[in-house]
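Subject: Handing over a structure, with notes

Dear colleague,

I am passing a structure on to you, and I would be grateful if you could look through it before reading my notes. The sequence and the model come first.

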Amino acid sequence: MTEDAPVDDELLTIGAFAARARLSAKALRLYDRLGLLTPAHVDEVSGYRRYRADQVERARLVALLRQLDMPLARIAEVVGAEGGAQAAERLTGWWADVETRVAGQRTLAEYLRGRLSGRSSEMYEKFVVETVDVPAQVVLTESRHTLADELPTWIGASLGRLEAGARECGGVTGAPFVVYHAEVSMESDGPAESCVPVADEAAARSWAERAGRAWQTGVRVEPAARLAFTRITKAQVAHPQILAAFEAVEQWLAGQGLEMAGPCREVYFADWDAAGPQDPVCDVAFPVAAR
């Protein structure tokens, strides 16, 4: 028995309950197996399931949520909420995530259409590529293997931790940046490395030794380099717009006969929280070998 409900005339057979809920008996057995809708009573000998009439609404709700392609774990959260207001709030939060994901996929589809139709050059022409010489810098670092969907959250959190640590190391002396030592996508997890330039190398090494017990922190000297870069807005930092920026710099390098001298990076020179969607916030850059 799954519950101690008495067997009486008020309980419905699975067939009668399925008809009232406008679901199949097969669906009800699946919901039971997944823990989303447990029968009020299961006969220990025959295995026959019986349901209460007041379970009809829950059965219909589960079926409707499955039509949204909601993951089973999230369905369990919604139907298990304490009251309709909490259930609605959980559905609202999940649907907001869905719309964000679909918006990103829509943009990616448009980007891919441009590439497949041979319009890539039109996208790249929107980006102005320049070069800049950057001196050697002592940097606090934090590294992580991460997939693309977790990357924005980790970048914000890691740079925040490093900037807080920089206060013990003579302060921040340059724009924070993120280095990609290998591809970060939904199939490849990097690693990525957040970097914050600081003034005092000895203090930085002391701080990193303490912080490294909790995070993958370190200190290194970033060598002087010439960077080929294009400046992008906050809106363009989003995937996949930023891919076009990286590819525009790569195409420019090829056209100039230049070779990359290190991994690509994003240099964040503006206050992210204060910036609007069209404000420049980031340089997409590649170190280039001297001719």
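This is a predicted model: local features need pLDDT of at least 70, side-chain atom pairs count only at pLDDT 80 or more; totals for chains, interfaces and linings use all residues.

Residues are numbered from 1 along each chain as its sequence is written, and side-chain values use heavy atoms, with hydrogens and water left out.

To begin with the sheets, helices (H or I, at least four residues) and strands (E, at least two) are DSSP runs numbered from the N terminus, and two strands pair if DSSP finds at least two bridges between them. Eight strands form an open sheet with antiparallel pairing, in the order β4-β9-β11-β10-β6-β7-β5-β8. At its edges stand β4 (129-134) and β8 (217-222), and each has a single partner strand, so one side of each is left without a neighbour in the sheet. From one strand to the next the twist averages 30 degrees, where angles run from 0 to 180 degrees between N-to-C directions and axes are lines fitted to C-alpha atoms, for helices over the stretch in contact. Within this sheet, β9 (residues 225-233) and β11 (residues 280-288) run antiparallel and are joined by 8 bridges, with Arg 226 standing opposite Val 288 in β11.

Helix α8 (residues 201-211) lies across β5 (137-144), β7 (192-198) and β8, and runs at about 150 degrees to β8. Helix α9, for its part, packs on the sheet and touches β4, β9, β10 and β11, its direction making about 35 degrees with that of β11.

A further open sheet has 3 strands in the order β1-β3-β2, again with antiparallel pairing; its edge strands are β1 (12-13) and β2 (41-42), each of which pairs on one side only. Strand β3 (residues 49-51) is joined to β2 by 2 bridges, and the bridge partner of Val 42 in β3 is Arg 49.

Helix α1 (residues 14-21) and helix α3 (residues 56-67) pack at an angle of about 60 degrees, and their axes are 9 Å apart. Phe 17, Arg 20 and Ala 21 of α1 make the contact with Val 56, Ala 59 and Arg 60 of α3.

The largest pocket has a volume of about 1800 Å³, a volume being the space filled by probe spheres set on grid points that are joined across faces, edges and corners. On a 1 Å grid over the protein atoms alone, a pocket is an open set of points where a 1.4 Å probe fits, with protein on both sides within 12 Å along at least five of seven lines, and lining residues have an atom within 4 Å of a point. The lining of the largest pocket has 49 residues, and Ala 148, Leu 151, Pro 152, Ala 238 and His 239 lie nearest its centre. Helix α5 gives the most to this lining, with 10 residues.

Lastly, a cis peptide bond with omega of about 20 degrees joins Gly 190 and Pro 191, and Pro 191 is placed in the loop between β6 (177-180) and β7. Arg 22, although not a glycine, has a positive phi of about 60 degrees, and lies in the loop between α1 and α2 (25-33).

With best wishes

Conventions
Contact means heavy atoms within 4.5 Å.
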